[in-house]
Amino acid sequence: MEKLLIIILNAILVSTIMCLADRLNNRIHIFIKRSFCMHCGHVLHWYDLIPILSALLTRARCRYCHHTYGMHYAYLELVGVIVGSYLFSDMIAWITAYLLFFLALEDWHTERIHANILIPYIVYLIIHFWHDSKLLTACAVMIISLFLVYHRKAMGSGDIPVLLILTLTTTTQSFSLALLLASVSALLYLVKHHVHRLPFVPFLYFGWLSIILIEKIAISIAP
Ligand SMILES: [Zn+2]
């Protein structure tokens, strides 16, 4: 029963975060109460909004105007529910995963993020890890990031809070691996799509999440 409640909670959260990101990316006020079809404007009923199931039953089409909104919503919701439920026992990893998921969606669509929402969480993590050596890593990352953002203009200022979150929620070794994975995957994307710039937060999120999951799975199967 407890596991079912955790799955339902994560399904609602993933769906809500995707809805919030969609509204912000389409410049729609986030406090409009009822969800509606972005194409025809028809207000959606509760049975149109069941995470994963509604998209599968309607083949990712609006039931009113038949506009296709894409199965990627259902796939993202499914992956989000599995990952969110798996990380639920580690509150810091769980909260971080949802915050970065939202910012990754924002960055992917608009190449701008509301990085300020991370500041209270960064303050909390600094207090929580006050005597931990990872604070030194965070300081070093902050100095290098400031140089890259304001002198070399090689990345956006919104990447700084995200990088700080990554350093504060992993070990120094894991952070290095996550950054390497993010950079390699971003480089492959640049080469494959013949583009010169890309939103980096989704790749940082991918690198961080991959390393966190690999570490947790390795610990759980270790004899
Ligand atoms: Zn519609």
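Author: Buried means under 20% relative accessible area, exposed means over 50%, and partly exposed is what lies in between (1.4 Å probe, protein chains only). The model here is a predicted one, in which local features need pLDDT of at least 70 and side-chain atom pairs count only at pLDDT 80 or more, while totals for chains, interfaces and linings use all residues. Residues are numbered from 1 along each chain as its sequence is written, and side-chain values use heavy atoms, with hydrogens and water left out.

Reader: How many residues of helix α7 are buried?

Author: A helix here is a DSSP run (H or I, at least four residues), a strand is a run of E of at least two, and both are numbered from the N terminus. Helix α7 covers residues 159-168, and ten of its ten residues are buried, so the helix is largely enclosed by the rest of the structure. Among them are Asp 159, Pro 161, Leu 164 and Thr 167.

Reader: What covers the buried residues of α7?

Author: This is read from contacts (heavy atoms within 4.5 Å). The cover includes α4, α5 (119-128), α6 (134-150), α8 and α9.

Reader: What does Ser 54 touch?

Author: Residues up to four places away in sequence are not counted; the partners are then Tyr 47, Asp 48, Leu 49 and Tyr 69. Ser 54 lies in helix α2 (residues 53-57) and counts as buried because its relative accessibility is 6%.

Reader: How many aromatic pairs does the structure hold?

Author: A pair of aromatic rings is described by the distance of the centres and the angle of the planes. By the rule used here, rings of Phe, Tyr and Trp (its six-membered ring) pair if their centres lie within 6.5 Å; planes under 30 degrees apart are stacked, over 60 edge-to-face, and the rest tilted. The structure holds ten such pairs. One of them is Phe 101 with Tyr 205, a tilted pair at 6.4 Å centre to centre with 40 degrees between the planes. This pair links distant parts of the chain, since Phe 101 is in helix α4 (residues 91-110) and Tyr 205 in helix α9 (residues 201-221), 104 residues apart. Both Phe 101 and Tyr 205 are buried.

Reader: What aromatic pair does Trp 108 form?

Author: Trp 108 and Tyr 189 are edge-to-face, 5.7 Å centre to centre and 70 degrees between the planes. Trp 108 is in helix α4 and Tyr 189 in helix α8 (residues 172-193), so the pair ties together parts 81 residues apart in sequence. Trp 108 is partly exposed at 42% relative accessible area, and Tyr 189 is partly exposed at 25%. Elsewhere, ring pairs link Phe 88, Trp 94 and Tyr 98 into a cluster.

Reader: How many salt bridges does the rule find?

Author: A salt bridge is a side-chain nitrogen of Lys or Arg within 4 Å of a carboxyl oxygen of Asp or Glu. The count is three. Arg 63 and Asp 48 meet at 2.6 Å, N to O. In this pair Arg 63 sits in the loop between α2 and α3 (72-87) and Asp 48 in the loop between α1 and α2, 15 residues apart. Arg 63 is partly exposed at 38%, whereas Asp 48 is buried at 14%. Asp 90 and Lys 216 meet at 2.8 Å, N to O. Asp 90 is in the loop between α3 and α4 and Lys 216 in helix α9, 126 residues apart.

Reader: Which residue meets Glu 111 in a salt bridge?

Author: The partner is Arg 197, at 3.0 Å, N to O. Glu 111 lies in the loop between α4 and α5 and Arg 197 in the loop between α8 and α9, so the pair ties together parts 86 residues apart in sequence. Arg 197 is exposed at 62% relative accessibility, and Glu 111 is partly exposed at 37%.

Reader: What is the phi of Glu 111?

Author: Most residues other than glycine have a negative phi. Glu 111 has a positive phi of about 60 degrees although it is not a glycine. Arg 27, also not a glycine, has a positive phi of about 55 degrees. Arg 27 lies in the loop between α1 (2-25) and α2 and is exposed, with a relative accessible area of 79%.

Reader: How much area do domain 1 and domain 2 bury between them?

Author: The size of an interface is often given as the accessible area lost when the parts come together. Here that loss is computed with a 1.4 Å probe and summed over both parts. The domain assignment, which is automatic or from a database, gives domain 1 (1-89) and domain 2 (90-223). Domain 1 and domain 2 bury about 1600 Å² between them, 77% of it on carbon and sulfur atoms. In this interface 18 residues of domain 1 are in contact with 19 residues of domain 2, and the rule finds zero salt bridges across it.

Conventions:
Buried area = accessible area lost by both parts, 1.4 Å probe.
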